[in-house]
Each structure stands twice: as C-alpha cells, then as structure tokens.
Amino acid sequence: MAIRVNLITGRTIQQGVAMEAGKEKPAYATACGIIELDPTDFKKLGAFRNTNVRVTSEHGSVVVKAVEATQGPHPGVAYIPMGPWANMVVNPNTYSTGMPTFKGTPVEVEVAKDEPVYSSLELVRKACRGELA
Amino acid sequence: MTKTVTDVICPFCGTLCDDLEVVVSDDGKQLLEVYNACAIGAEKFLHSQAKDRITRPRMRQEDGTWKEITYDEAVEYTANMLADAKKPLMYGWSSTNCEAQAVGAEIGEAVGAVMDNTATVCHGTSLIAVQDIGIPSCTLGEVKNRADRVLFWGCNPAHAHPRHMSRYSIFPRGFFTGKGHTGRKVIVVDPRPTDTASLADIHLQIEQGHDYELFDALRVAFKGEKLPDVVAGIPKEKIYEVAETLKSGRFAIIFFGMGVTQSIGKNHNIDAAIAVTRDLNEYTKAAIMPMRGHYNVTGSGQVWGWQFGFPFAVDLSRGFARYNPGETTSNDLLRRDEVDAVFVLGSDPGAHFPFNSVKKIYDLPSVVIDPHETPTSEVCKVHVPVAFVGVEIGGCAYRMDNVPIETRKVVDAPEGMMTDEEFLTRVLARVKELKGV
C-alpha cells in the first residue's frame, strides 16, 4: 500500500555531524538515507519502523529507511534530511529564481523491504551511470 | 606538553563562534581536543586529523579508479580546462576565506566564467528580495543586547546553528536584556514542531508552503484589520496574539531560513517578511536577518559585491558582469546545458544539488577543490584536496550579520598540502599564460 505525503528537506544535527565526519562513511547514510514519517502515516502505510521504503516523485525515485518523526507530529508531511537521497526526488524547478524547490514535493512512499539503501557515493555513482533500478 | 589555543573561530556555520578553545600537541602538528564548539563544529576540527585523509590530488581513470597526481599536474589540468571552456561554471566559494575568493574571481574574469556561490541554493532568493525592497537589519551584538522579541521563521537553529540561541538570540544576558531568556518572548513558525519550537513561547505550525499568506496576515493584524478565521492553517486568534506580542516588544528580530527561501513563493516570501519588519517599525524597533548557512557564504557575497556589484550568479562570459537569477544561476545553467566545464571549490553540489544537475557535472570536464571526499569528488574528473580554512590556515570570513572576523590557524596541514589560495594563485598564473593576458 502506497501513501502520498508532502516532502520537505533540511538540516539535522546528525546530518551536520556525519557530513563533517566524512560523507563516504556509513554514518552519513544512517543520518540522511532516511525518511521521517508521522505515526499516523506509518499506520496508513502499514509498515514497521525502520523498514526500507521507496520514495517516488515525478522527478525521481530513491530507497531510504523509514523512521518515526523525531520532531513531530506532522501528519501528511515527510522529512528527508538534505543530501543526495533527498535530491533524487526533490523538485529541481527554480521558477526563474535560481533556487530549486527543495521543500514541498509531493511524493509517494511504498514499502521496499528487499531493496538496499545505498551509501552516498554509491548512490550518486550508480545514478550517474544509469545503474539504478 | 600540549598547548591550548584560545579564541579560535569555528569554520562551520554563519554564526562563526569566536570562543573555541583547541588543544594541540607541542609541535603544533596534531589537534587533540576542541572545547566550546557544537557537535558539528567539533567534528569539523577533529576530521582534519582523520588518518584516512586524502592528501594528494587525484585524477579519474578510464576504468573509474583514481590515480594520484602532483599539484603541478592538477594546476595544469585545471588551468587548461578553464582556459579551453567557452563558458565554465565556477561554483562554491562559501567554505573558504575571502582571500581565496578574491583570487578565484580574478580567474573567473580571465576565463569568462559564471561565478556562483552556495547562496544559489540557500539565501539567493533572500538576496533577490533585498534588491527588491531593501533590508532593515542589525548585528548579532544588537540582538544579544537589545532584542526582547525573537521570531524564528522557517529555520531550526537547534539543528543548523546549534550555538546561535545560547550566544545571541534566546539565552544570553545583554546590556538591556539582563534577564536572559526570561525577558524574551520567542516565537517559532515552522510546519514541524521542531526542537527550536520546543523552546518557544508560541509555535505556529504553519501549513507548508503558505508562508506568504501568513506574513500578509500578520501585516493585517498589526493594523487591527479583519482576518479570515484560518490563514495557512493558523486560527486568527493566534495571529492576532503574535502580532500583539511583536508590537509590545522594545526590539523585535526576525530570523528566517530555508523554510521560506526554498518553499514555493521563494523571493516573494522574503519580500513579505521584510515588509512585516518594515510595518513593525511603525510600532517598535524591528530588524530581520537571514540565517546564513556556510561560515563564509556571506563573505563571498561581500567580495563579489565589491568586485562585480552582485552577490551571486555573476556571469562574466561577455567580458563584463551580468546578473540574472534564473538564467545565470548554477542549477539553471546546468539543467539547460549552458556551461561546458565545472570548477567547484568549498562546496558539495554533488550532495546538495538536485540529481539532474549532478548528472550534468558528471558529464562535463570538472575539477573539485575540497579537503573531504564527497559525492562531488565522486562525479568530478580531478579532485584536489587542500588545507582546511579556519583550522590549518587563517583568513577573513563574514558572519551572518556581515561582520568580518579573522579566522585562525591552529594546526599545521599535512606535509606538502596546498591551501585554497596557493592553489588558485598557481592556476591564475597559468591561466594568464594560456590566455596571453
């Protein structure tokens, strides 16, 4: 069962620390390769916490781990910390301002238990070479 | 024996904390401990000591592996790439000092590049708004000493500027704010109940993307005019309450972040935010300030402001400076295939640009200058590691309130590593030879 939510991105302190410690390290994927969902949205999705999910927008698709919102409740709103995972799906249109629309992308979330969450370098490399499913 | 270096400047965020203490080994080669910094700042200092740090330039081979090259070869590749390109993009510039930014701008002029900094995905829209209607701002010192009404709109300093609240905005006791946080009213506007919101007296959980309406509603409420029952998901009683709270203060400060600059409406949201500040000045003293992200993104706007008259998105390809956000901004240029080489310094577009822009960097000749291994180094052809500015080399940086602060060197860079400025100076000299200027 897939759910539709409004995706926003941004900084978290874990994202900041992991970024400075090295984006090639697994901690960066743990901090940013996630989607924070509200408990009510988890219920609608019918998934356990810490399940891998596929997030799809009209701009792209990415697999991340679904976790419960750390700064909630925010039903209907989902949060992926800024980074390559979020940037696979955000709306790149700048509407003539230079600024991509990083916040407010409608996305669909569905359970993808058997699909892996790639590390940042792997994700970007595979996506550039067209090797992503 | 170890030495403690005091009054160290933190080169992470725009708060540019200037009270860090760093313990270094006696020979000044090793950094051992960091005091007073936030978790992110401390990590930045400590990461410079990583055992697996890359200390020599590398070039991507046909089979995708890296080959170590010398700095001379890296200078040669970079200079040739820039000199051969019709319209190279020179992006980043926010995690380096003003001295390096100035040399970079000189290279940009010599090769006819488009110069853009990280404001393009951060506060670029704020800069457009400032050009539209001006900005009544102040310094963080004034905030600390005077502000008794603090409004955070679409920003979450608890996570992004961790020491901002303790040093300047919520907790410190200043000259006219002797009661510290008990004398201040804090309002947070955010679609999520963030950790910053948990410290607020009032949190408005706005419907995402409806900032413009709520700003306008506040302007209506200041004048005591009629409002619809609900605006942007907020009941009108709450809006009147916030308006009264702001008006009743002696000094109100509005801090705003990516929640307003990146949501739909973009620069128009900031127009409205600045208009709120202007209106508020009818009743009390009010100021507004963008929460700048990188520690020296403000500085790169300053340097280019002096040199070209524009703070970001400066197109030098016609031999004079042009500025037209939406046309001369990095993501628009990349998406439309309007640049033919990419040079990145002090930023990570590989991680922080939408993927279709990253793919374009992968397809083009590209060089990245960065102490870290990043998604950008993953897609570039040449990666040049350099010394950390603010850790291994000093130089000027501008705080979010446009106050320049000289950063300090606390430890030596690994043997034989160049700084940003040294590398750029070498590239500039070689570019001048190639171009015959």
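Residues are numbered from 1 along each chain as its sequence is written, while chains are lettered from A and ligands numbered from 1 in the order in which they are written. In this predicted model, local features need pLDDT of at least 70 and side-chain atom pairs count only at pLDDT 80 or more, whereas totals for chains, interfaces and linings use all residues.

Chain B contains 17 helices and 21 strands. These elements are DSSP runs numbered from the N terminus, helices being H or I with at least four residues and strands E with at least two. The C-alpha atoms of chain B occupy a box of roughly 65 × 55 × 35 Å along the principal axes.

Of the 437 residues in chain B, 58% are buried. A residue is called buried if 20 or more other C-beta atoms lie within 10 Å of its own, exposed if 12 or fewer do, and partly exposed in between, with C-beta atoms placed from the backbone. Two residues are in contact if their C-beta atoms, placed from the backbone, lie within 7 Å. Among the contacts in chain B with a separation of 6 or more, 68% are between residues 24 or more positions apart.

The domain assignment divides chain B into domain 1 (2–47), domain 2 (58–122 + 295–435) and domain 3 (124–290); such bounds come from an automatic or database domain assignment. The centres of domain 1 and domain 3 of chain B, taken over C-alpha atoms, are 32 Å apart. Even so, 7 residues of domain 1 of chain B are in contact with 6 residues of domain 3 of chain B. On the domain 1 side, the residues are 5 nonpolar, 2 polar and no charged. Here Ala, Val, Leu, Ile, Met, Phe, Trp, Tyr, Cys and Pro count as nonpolar, Asp, Glu, Lys and Arg as charged, and the others, Gly among them, as polar.

The two chains also meet. The contact takes 43 residues from chain A and 54 residues from chain B. On the chain A side, β1 (3–10), α1 (13–21), β5 (77–81) and α4 (120–128) each supply at least two residues. The most come from α4(A), with 6 residues. By class, the chain A side has 19 nonpolar, 18 polar and 6 charged residues.

Helix α1 of chain B spans residues 39–47, and its buried residues are I40(B), G41(B), A42(B), K44(B), F45(B) and H47(B). They pack against β2 (20–25) and β3 (31–35) of chain B and also against α1 of chain A. A37(B) lies in the loop between β3 and α1 of chain B. It counts as buried because 22 other C-beta atoms lie within 10 Å. Leaving aside residues up to four places away in sequence, A37(B) touches C10(B), C17(B), L20(B), A42(B) and F45(B).

Strand β7 of chain B (residues 114–117) has V114(B) and D116(B) pointing one way and M115(B) and N117(B) the other, and all are buried. Strands are paired here if DSSP finds at least two bridges between them. Strand β6 (residues 88–92) of chain B runs parallel to β7(B), joined by 4 bridges, and G92(B) stands opposite N117(B). Strand β15 (residues 314–315) of chain B runs antiparallel to β7(B), with 2 bridges; there D315(B) is the bridge partner of V114(B).

Some backbone angles remain. Most residues other than glycine have a negative phi, and most peptide bonds are trans. The peptide bond from G72(A) to P73(A) is cis, with omega near 5 degrees, and P73(A) sits in the loop between β4 (60–68) and β5 of chain A. S96(A), not a glycine, has a positive phi of about 60 degrees. With 14 C-beta neighbours inside 10 Å, S96(A) is partly exposed. K266(B) has a positive phi near 45 degrees and lies in the loop between α10 (258–261) and α11 (267–280) of chain B. K266(B) is buried, with 25 other C-beta atoms within 10 Å.
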